[in-house]
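The stops below are given in the order in which to select them.

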Amino acid sequence: MKKPVRRVWKVLLGVLAVGVLFLAIALTAVPVPERTDFGPSISELRALATSAGEPLPTEFRRIAVGAGVMPALAVVAGRLFGTYPLVYQAHQVVYGDGRTVILDAGCDARTLEAHLPGSHLDAGSYSRLQEAMRRADAIALTHEHFDHSSGIAHSPYFDELAPRVMMTEEQLHGREAEMAGFTGDVVGRLKPLRYERMHLLRPGLVLIKAPGHTPGTQLLYVRLADGREFLLVGDIAWHQDNIWLPRMHPRLVNWLVREDGEAMAHQLRYLHELRKTTPELELVVAHDETQMAGLLQRGLVQDGLR
Ligand SMILES: [Zn+2]
């Protein structure tokens, strides 16, 4: 072979090797460590949840406001084919005296369809969520991404909701808050919630800082009067398999979403261990409709809002 031809082959092989190496890194997940120091123990959560000595909530409800699909490849690293159904849902904690707290605020149709083409909103459910937010004593979010928060920023009742919105400093100033409608003007009309590590928002409802998927991500622990327990994990996992395996979505998704994959890997280890040691604690993955269908079917969660 002539020298220039050999050089071309060498370059091509080099490019191919770099491409294969890139794909091997991009399509695999940040490994989940064997152990982690992340997160409070279940006894710490239970102690804080019941520390006010006031009645715990009596119901945990949910409403599905929209649906979409996601390629399996983007949800669990190594799953190359197929798709997962996605649900966009909000939750409601109900107290015996009729007070309620809304957890995650949904997304208006325009924002959802603009940023997640192929997803659609159920207008009736969305307006029921808006009405429930008007009646709520407090509204808190797992994180600031638009599919969980724009229902506040773009609410026709924003002025009414504003005093009861309990978004954290990180959520209000997160780099993607503006995409969800939290412009300077909107943020200026909300009072940020400030806390370190854990916060008792209401009896039986504890917030736990968990930055990683976004800077403002938090876990929401709910304990009901009858002993039922839930931990809303937001988008730390996109499917319960992320926790069970435990394996994250691929690094490419970390890069595109601008996530801290290392932090999320520790959180997945924490959730995996928590599930093993405390099987009665129901982990609620924000977009996993199959998991929620199981919780509804077992009567642990009620469908529709009060
Ligand atoms: Zn989400």
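Begin at Arg 197, which sits in the loop between helix 9 (184–188) and strand 6. Helices (H or I, at least four residues) and strands (E, at least two) are DSSP runs, numbered from the N terminus. The model is predicted, so local features need pLDDT of at least 70 and side-chain atom pairs count only at pLDDT 80 or more, while totals for chains, interfaces and linings use all residues. Residues are numbered from 1 along each chain as its sequence is written, and side-chain values use heavy atoms, with hydrogens and water left out.

**Backbone exceptions**

Stay on Arg 197 and check its backbone: phi is positive, about 60°, although the residue is not a glycine. Most residues other than glycine have a negative phi, and most peptide bonds are trans. Arg 197 counts as partly exposed because its relative accessibility is 45%; buried means under 20% relative accessible area, exposed over 50%, and partly exposed in between (1.4 Å probe, protein chains only).

Next select Asp 104, in the loop between strand 3 (100–103) and helix 4 (109–115). Phi of Asp 104 is near 75°, again a positive value in a residue other than glycine. Is Asp 104 buried or exposed? Asp 104 counts as buried, because its relative accessibility is 3%.

Then go to Pro 246, in the loop between helix 10 (240–244) and helix 11 (251–257). The peptide bond leading from Leu 245 to Pro 246 is cis, with omega near -20°.

Select strand 2 (residues 83–94), where ten of the twelve residues are buried. Strand 1 (residues 59–71) runs antiparallel to strand 2 and is joined to it by twelve bridges; two strands pair if DSSP finds at least two bridges between them.

Strand 2 and strand 3 pair in the antiparallel sense over four bridges, and the bridge partner of Val 93 in strand 3 is Val 101. The two strands form a hairpin with five residues between them, and Gly 98 in the turn has a positive phi of about 95°.

Now show the open sheet of five strands, in the order 6-7-8-9-10 with mixed pairing. Its edge strands are strand 6 (198–202) and strand 10, each pairing on one side only. Neighbouring strands of this sheet are turned by 25° against each other on average, direction ignored. Axes here are lines fitted to C-alpha atoms, for helices over the stretch in contact, and angles run from 0 to 180 degrees between N-to-C directions.

Zoom in on strand 10. In a regular strand the side chains alternate between the two faces of the sheet. Both faces of strand 10 are covered: Leu 281, Leu 283 and Val 285 are buried on one side, and Glu 282 and Val 284 on the other. Strand 9 (residues 229–234) pairs with strand 10 in the parallel sense over five bridges. Leu 232 stands opposite Val 284, and Gly 234 stands opposite Val 285.

**The zinc site**

Which residues are the protein donors of the zinc ion? They are Asp 147 (OD), His 148 (NE2), Asp 235 (OD) and His 287 (NE2), lying 2.1 to 2.2 Å from the ion. Donors are N, O and S atoms within 2.8 Å of the metal (3.2 Å for Na, K and Ca); water is not among the atoms, so sites may look incomplete. Along the chain, the donors follow the spacing D-H-x86-D-x51-H.

The arrangement is irregular because the four donor atoms subtend angles of 86 to 158° around the zinc ion. Four donors count as tetrahedral if all angles lie between 85 and 135 degrees; four count as square planar and six as octahedral if opposite donors are over 155 degrees apart and all others between 65 and 115; anything else is irregular. Asp 147 is buried, with a relative accessible area of 9%, and His 287 is buried at 6% relative accessibility.

**Helices 5 and 6**

Finish with helix 5 (residues 123–135) beside helix 6: they pack at an angle of about 60°, with their axes 11 Å apart.
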